[in-house]
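Please read it alongside the sequence and the coordinates.

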Amino acid sequence: MSLLDALLRQGALRPVDHALAQSLRRLGREVDDADDRVLVAAALASSAIAQGHAGLDLSRPQVACDANVEWPDATQWREALAASRWVASPSRDDASVQAPLVLEGDLLYLRRYREYERRLASHLRRIASAQPAEGDVSALAPLFAALFPGARESDRQARAAALALLRSLLLVTGGPGTGKTTTIARVLLLLIAQSALEGRPAPRIALAAPTGRAAERMAESLRAAIARLRDVPGVDAAWCDALPTSASTLHRLLGTIPDSPRFRHDADHPLPFDAIVVDEASMVDLPLMCKLVEAVPDGARLILLGDRDQLPSVEAGDVLAAITDAAGEGDALPAQVARALSPLLGEVPQREDDGVLAGHRVQLQRGYRQAQSLQLAPLADALRTGDAAHAITLLREGLAGVRFHEDVSDPLAGASRDALLAPWRAAMALHDPAEALRQAQTLRLLTALREGPQGAAALNQRIEDALAGVQRDPYFHGRLLLVTENSYRHGLFNGDIGVVQRDATGVPVAWFAGPDGVRGFHPASLPAHTGAFAMTVHKAQGSEFDTVWLLLPKQDARTLSRELLYTGVTRARRELHVCASDVVLQAALARHAQRVSGLAGRLRD
Ligand SMILES: Nc1ncnc2c1ncn2[C@@H]1O[C@H](COP(=O)(O)OP(=O)(O)OP(=O)(O)O)[C@@H](O)[C@H]1O
């Protein structure tokens, strides 16, 4: 049996991957080029995209496909591909490729994804190598010192802000509550003050995030940060007034064109902004990040905020991780940059300027948000670093606000059932949509899986049965909804959460938060949606809840990883419940949500 047939028989390929291989086989017969290894590689390069990889790594095919087969030897496989007419082996920056597949080293790409990577790398280099026009930062020194009193004691937030003045491309990475938004509010204030001091118009600033919920949270945090800035001595109220207070989704920022994968803003029609700040950058996939950087005008700043330890984007990507890998830790600065920033930062450790992204990243380390009642940081650290023994000890010994329900596989049965349902029952008693939406954010049951008895779909069903009865109306008062596709017509986006309320006449209305208060829709007119009492950790990215119940499956599953656990627990603000066995925790923490990508290599060269 051919390898292609074996993979198909094991269910390791989707019909679309197989169809690609079949069409190459048909064409290949005509021209005597139908090597099974080439067809298999083509099918796997296609299926790899669906799993979030940019392409197929010939030296590690099992990363994209866990079938039980004997894989070809990587060297011979590469040679067979290099000899095929369907495969181009261009130089890294060659933009003239026509073949459907592209081989670079051990990486085999579908041409389109190799193009996304090539264009993304080239535009990141363009942005990174541009120098902002304003060179001298000394005039800002008094304001800088007022904003960052610890600037000379290696405060990372101060480092990030100072770098933002000098760099067109900056990555600010850090876990939840490390002050990314606070720092950005200060950066933007400094840019506005700089323009004012130099008699220039205030910079045009855009704030964006990959989902509507993340954009809302970003705007909320920024408004809170601006309110605090008004009390800092030396800060002019007019500068605060010039700060942006709303954020949009990336799709809205770039301007979707109905039925087209393209956006209104692109390299030929760049965004009309001087500074573009993108939050939750770990959720941005390769095609979208490519289109974003292409639309960044020459001379504008791009600031990416995110947590690289979180799950990567669902679609092909892990772009933030690749960029941060290429940029290094950022604990030391290239000598020239360190000198230019010394009026603000004093002495800063220096490093060789070794690559186009060196000195373009700062990792914030200290957490500030920690509620007294929730001692999350040690657990989050153990999960992030995959230290299973320590994580299990912490869970068993107890941390404030954290409950370990060891070996519990059904939190809807037994003692925890009422505790779980109580906040949703409380939301059902409310008649004000804004209040009900607020209450809806207080608790979430997060799962690793979507399907199966411990998947989000089945759990939602059971929660809805418990709340409204088996014979319920599908849109019962208090039902939580999760939008699962982007709809520009509605202004509703994948990941948006709504709540159903019955009006005085009993008609159901689904309410969602919007930029100017709540907005109501008739349920029948909504874009695709599901229940939202339980949701996957993937869908919860970019959101936070007062109380999180994290349920792991009874058995290990490929979707489990340290990134999934870290993302899940860091959604909790006040209280965290973990339902899992030690065996599954250990298996999950031994796995990385790794993604195959050539981006870091392209950015390092
Ligand atoms: N240097 C600081 N000193 C004191 N408090 C701070 C400092 N930086 C941030 N905080 C506080 O920590 C909290 C979290 O800050 P912020 O929202 O900026 O973090 P974040 O990294 O953007 O979080 P998230 O990733 O969850 O959005 C805020 O209440 C903020 O006031």
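The model is predicted: local features are given only where pLDDT is at least 70, side-chain atom pairs count only at pLDDT 80 or more, and totals for chains, interfaces and linings use all residues. Residue numbers start from 1 along each chain, following the sequence as written.

**Overall fold**

The protein has 24 helices and 22 strands; helices (H or I, at least four residues) and strands (E, at least two) are DSSP runs numbered from the N terminus. Its radius of gyration is 25 Å, close to the 25 Å given by the globule rule for 605 residues, so the protein is as compact as a globular protein of that length. Here the radius is taken over C-alpha atoms, and the rule is 2.2 Å times the number of residues to the power 0.38. The C-alpha trace spans about 75 × 65 × 50 Å along the principal axes.

Of the 605 residues, 48% count as buried. A residue is buried if 20 or more other C-beta atoms lie within 10 Å of its own, exposed if 12 or fewer, and partly exposed in between, with C-beta atoms placed from the backbone. Among contacts with a separation of 6 or more, 74% join residues 24 or more positions apart; a contact requires C-beta atoms, placed from the backbone, within 7 Å.

**Helix 4**

Helix 4 covers residues 74-82, and its residues W77, R78 and L81 are buried. Seen down the helix axis, the buried residues fall within an arc of 100°, so they line one face of helix 4; the arc is that of the directions from the axis to the C-beta atoms. On the other side, T75, Q76 and E79 are exposed. The buried residues pack against helix 3 (36-50), strand 2 (87-88), strand 3 (101-104) and strand 4 (107-110).

**Strand 14**

In strand 14 (residues 443-447), five of the five residues are buried. L443, L445 and T447 lie on one side and R444 and L446 on the other, and both faces are covered. Two strands pair if DSSP finds at least two bridges between them. The pairings of strand 14 are tabulated here.

| Strand 20 (residues 534-536) | parallel | three | M535 |

**Positive phi angles**

Most residues other than glycine have a negative phi. E280, although not a glycine, has a positive phi of about 50°. E280 is in the loop between strand 8 (275-278) and helix 12 (286-294), and it counts as buried, with 27 C-beta neighbours inside 10 Å.

D407, also a residue other than glycine, has a positive phi near 65°. D407 is in the loop between strand 13 (402-406) and helix 18 (416-428). With 12 other C-beta atoms within 10 Å, D407 is exposed.

How values were computed:
Two residues are in contact if their C-beta atoms, placed from the backbone, lie within 7 Å.
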